[in-house]
Amino acid sequence: MDFFTPPDSRAASAALEVVQEHGEPWLLNHSLRAYSWACAHAAREDVAHDGELLYVAALLHDLGLTAPFDSHTLPFEEAGARVARVFAAGAGWGPARRDRLAEVIVLHLRDDVPADDDPEAHLLQVAVGVDVSGRGVDLFPPGFRAELLDRYPRLGFAEAFLERARDQAERKPGCAAAELMATGWADRVTGNPLDLPG
């Protein structure tokens with residue numbers, strides 16, 4: 001099964017263009033890996049979902065970490081969700097679909113969401129957990145992991161992502177990034193098996 005091909009839609013193509021323009025290579029690859037992790041998990045667990053919504057959310061979920069879209073007051077996931085709503089309006093999505101996109105992005109850093117309640121938010125949570133800290137990475141076949149990292153190398157992801165997350169935590173002490181930093185999460189990020197040799 002192909003977990004790498006994006007949905008064939010104008011919104012999906014435009015989302016890729018946006019993250020290519022505004023995200024550094026390490027962030028672009030993280031976003032593309034997130035989509036692939038999510039698709040592989042959905043196939044393994046038989047989670048029915050909206051592929052276009054998942055792809056656009058995966059591609060845009062960290063735009064709030066980039067300089068053009070960083071907010072001085074909002075947590076980065078909320079800032080990214082607002083940018084995504086504007087993007088979706090430009091893509092011709094109606095209000096309800098725009099709201100769903102924003103919701104999926106915000107929820108990816110909240111308490112675990114069951115697949116039955118919100119399949120797209122659940123899939124993005126699982127995907128980001130694997131890619132950022134290695135949570136659940138052993139559930140994915142070694143061959144798939146190798147192909148994914150070959151297609152979308154990490155390019156120093158852990159260090160770059162932690163630098164942005166620390167900055168968010170320092171400037172916005174009540175945000176989700178600050179809560180994660182207080183739990184020893186940074187050690188899990190730097191110890192992600194995906195970044196270990198071999």
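**Close-up views of a predicted model**

At 70% relative accessibility, Asp46 counts as exposed. The model shown in these views is predicted.

**View 1. Asp46 in the loop between helix 2 and helix 3.** The backbone of Asp46 has a phi near 55 degrees, a positive value in a residue other than glycine. Its relative accessibility of 70% lies over the 50% cut-off, so Asp46 is classed as exposed.

**View 2. Leu155 in the loop between helix 7 and helix 8 (157-171).** Leu155 is not a glycine, yet its phi is positive, about 55 degrees. With 49% relative accessibility, Leu155 counts as partly exposed; the exposed class begins over 50%.

**View 3. The contact of helix 1 (residues 10-22) with helix 3 (residues 51-60).** The two axes come within 9 Å and cross at roughly 5 degrees. Angles under 35 degrees count as roughly parallel, so helix 1 is roughly parallel to helix 3. Helix 1 contributes Ala11, Ala12, Ala15, Leu16, Val18 and Val19 to the contact, and helix 3 contributes Glu52, Tyr55, Val56, Leu59 and Leu60. By class, the residues of this contact are 10 nonpolar, no polar and one charged.

**View 4. Ala12 in helix 1.** Ala12 has a relative accessible area of 2% and is buried. Leaving aside neighbours within four places in sequence, Ala12 is in contact with Pro7, Tyr55 and Val56. The C-alpha atoms of Ala12 and Ala57 are separated by 9.6 Å, and the two residues are 45 residues apart along the chain.

**View 5. The aromatic pair of Phe3 and Phe144.** The count of aromatic pairs in the model comes to nine. In the pair of Phe3 and Phe144, the ring centres are 5.6 Å apart and the planes stand at 90 degrees, so the pair is edge-to-face. Phe3 belongs to the segment before helix 1 and Phe144 to helix 7 (residues 142-151), so the pair links distant parts of the chain, 141 residues apart. Both residues fall under the 20% cut-off for buried: Phe3 has 15% relative accessibility, and Phe144 has a relative accessible area of 10%.

**View 6. The aromatic pair of Trp37 and Phe140.** This pair is edge-to-face, with 4.9 Å from centre to centre and 70 degrees between the planes. Trp37 lies in helix 2 (residues 25-45) and Phe140 in the loop between helix 6 (119-133) and helix 7, so the pair ties together parts that are 103 residues apart in sequence. Trp37 is buried at a relative accessible area of 0%. Phe140 also counts as buried, at 2% relative accessibility.

**View 7. The ring cluster that includes Phe3 and Trp37.** Ring pairs link Phe3, Phe4, Trp37, Phe140 and Phe144 into a cluster. Among its members, Phe144 lies in helix 7 and Trp37 lies in helix 2.

**View 8. The contact of helix 2 with helix 8.** The axes of the two helices are 10 Å apart, and the helices pack at an angle of about 100 degrees. Angles of 65 to 115 degrees count as roughly perpendicular, so helix 2 is roughly perpendicular to helix 8. Trp26, His30 and Arg33 make the contact from helix 2, and Phe157, Ala160, Phe161 and Arg164 make it from helix 8. The residues of this contact divide into four nonpolar, one polar and two charged. Arg33 lies over the face of Phe157, at 5.6 Å from the ring centre.

**View 9. Arg97 and the ring of Trp93.** The charged end of Arg97 sits over this ring, 4.4 Å from its centre.

**View 10. His72 in the loop between helix 3 and helix 4 (76-90).** His72 counts as exposed, at 70% relative accessibility. Apart from neighbours within four places in sequence, His72 is in contact with Arg171 and Lys172. From C-alpha to C-alpha, His72 and Leu180 are 19 Å apart in space, and they are 108 residues apart in sequence.

Technical notes
Residues numbered from 1 in each chain as written. Predicted model: local features only at pLDDT ≥ 70, side-chain atom pairs only at ≥ 80, totals over all residues. Heavy atoms only, no water. Axes fitted to C-alpha atoms, helices over the stretch in contact; angles between N-to-C directions. Helix = DSSP H or I, 4+ residues; strand = E, 2+ residues; numbered from the N terminus. Parallel < 35°, antiparallel > 145°, perpendicular 65-115°, else oblique. Contact = heavy atoms within 4.5 Å. Nonpolar A, V, L, I, M, F, W, Y, C, P; charged D, E, K, R; others polar. Phe/Tyr/Trp six-rings, centres within 6.5 Å; stacked < 30°, edge-to-face > 60°. Buried < 20%, exposed > 50% of the residue type's maximum accessible area, 1.4 Å probe, protein only. Lys NZ or Arg CZ within 6 Å of the ring centre and 35° of its normal.
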